[in-house]
Amino acid sequence: MKINRKGKKSIKIGILVLICIIVIFLGLIIVEVVRELHEEKVLKQEVIAYSNKNLATDNFNIKIKTKGDYAYVEEAIKQFYKQLSDNVKTANSYLHNQHLTNILSPQSLINDRPDFSLSHVTITNTKDNLNKIISNIKQLCEEKTIKNWLDKDKLDDSDYYYNLYLQLMYTDKDKKQFQDIKAEMEQLSVSLDNYLNTLDGILTFLTIHDNEIQYSDNLYFSSDGVYKEYKQLISNLNLIINNSTNNNTDQV
């Protein structure tokens with residue numbers, strides 16, 4: 001059977017159209033692959049930058065640089081680090097509360113004696129708030145919390161993006177970092193309780209012996225025995241502070 005020239009021309013046009021469709025399709029695939037690779041590269045850069053920040057001092061404001069599911073992963077990771085940083089900064093704000101740090105200064109003692117009610121309330125509130133914050137930080141560093149932080153149901157290709165999330169968020173280095181933070185928080189909790197309980201005890205001691213103490217630019221004791229006991233309490237407090245400082249880290 002012969003095919004006329006018109007038929008041959010139609011076949012050629014059909015082949016060209018098919019080739020064009022294939023080229024366009026392949027081009028779209030290539031464009032999408034390049035875009036995906038770019039988004040993943042940006043995501044990794046952002047996560048590295050966030051994970052290397054100092055939790056206590058750096059700014060963790062969230063700006064999303066990627067799109068689509070990558071943006072959801074990026075936001076989840078940044079929200080995690082921001083929440084961790086916010087808790088660390090709040091803990092530091094309580095630790096550096098002016099009234100707490102100046103409780104034993106002569107002027108503070110004069111203003112609050114003989115019952116030191118304001119100082120006792122400050123110590124109690126500090127202890128309660130810090131224990132809650134420390135518990136929050138420890139909870140954030142738990143493996144279960146980290147692995148459940150990302151809602152897979154909100155992702156198109158949940159397995160791929162969730163595995164990517166774990167690769168970025170829970171590497172061996174990350175595991176060690178989170179374990180170290182948990183250990184630091186546990187040590188900090190013990191040190192703070194010792195410090196605040198000792199501080200509270202000193203105030204109670206001063207109340208009991210108020211009639212044996214004269215307050216001015218310093219404390220003057222009418223009893224050598226009371227003075228020696230006070231000096232021992234202060235020595236114990238300084239020992240707790242020194243031990244806590246030696247065990248502290250740059251993060252908290």
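Student: How do the residues of the lining of the second largest pocket divide by nonpolar, polar and charged?

Tutor: The lining holds three nonpolar, six polar and four charged residues; Ala, Val, Leu, Ile, Met, Phe, Trp, Tyr, Cys and Pro count as nonpolar, Asp, Glu, Lys and Arg as charged, and the others, Gly among them, as polar. This is a predicted model, in which local features need pLDDT of at least 70 and side-chain atom pairs pLDDT 80 or more, while totals for chains, interfaces and linings use all residues. Residues are numbered from 1 along each chain as its sequence is written, and side-chain values use heavy atoms, without hydrogens and water.

Student: Which residues lie nearest the centre of the second largest pocket?

Tutor: Of its 13 lining residues, Ser-51, Asn-52, Thr-171, Lys-173 and Asp-174 lie nearest the centre. Helix 1 (5-51) gives the largest share, four residues, and helix 7 (158-169) and helix 8 (172-208) each supply at least two.

Student: Where is Pro-114, and what joins Arg-113 and Pro-114?

Tutor: In general, most peptide bonds are trans, and most residues other than glycine have a negative phi. Here a cis peptide bond, with omega about 5°, joins Arg-113 and Pro-114. Pro-114 sits in the loop between helix 4 (106-112) and helix 5 (117-140).

Student: What is phi of Phe-116, and is Phe-116 buried or exposed?

Tutor: Phe-116, in the loop between helix 4 and helix 5, has a positive phi near 55°. Phe-116 counts as buried because its relative accessibility is 0%, where buried means under 20% relative accessible area, exposed over 50% and partly exposed in between (1.4 Å probe, protein chains only).

Technical notes: On a 1 Å grid over the protein atoms alone, a cavity is a set of points where a 1.4 Å probe fits but cannot get out, and a pocket is an open set with protein on both sides within 12 Å along at least five of seven lines; lining residues have an atom within 4 Å of a point.
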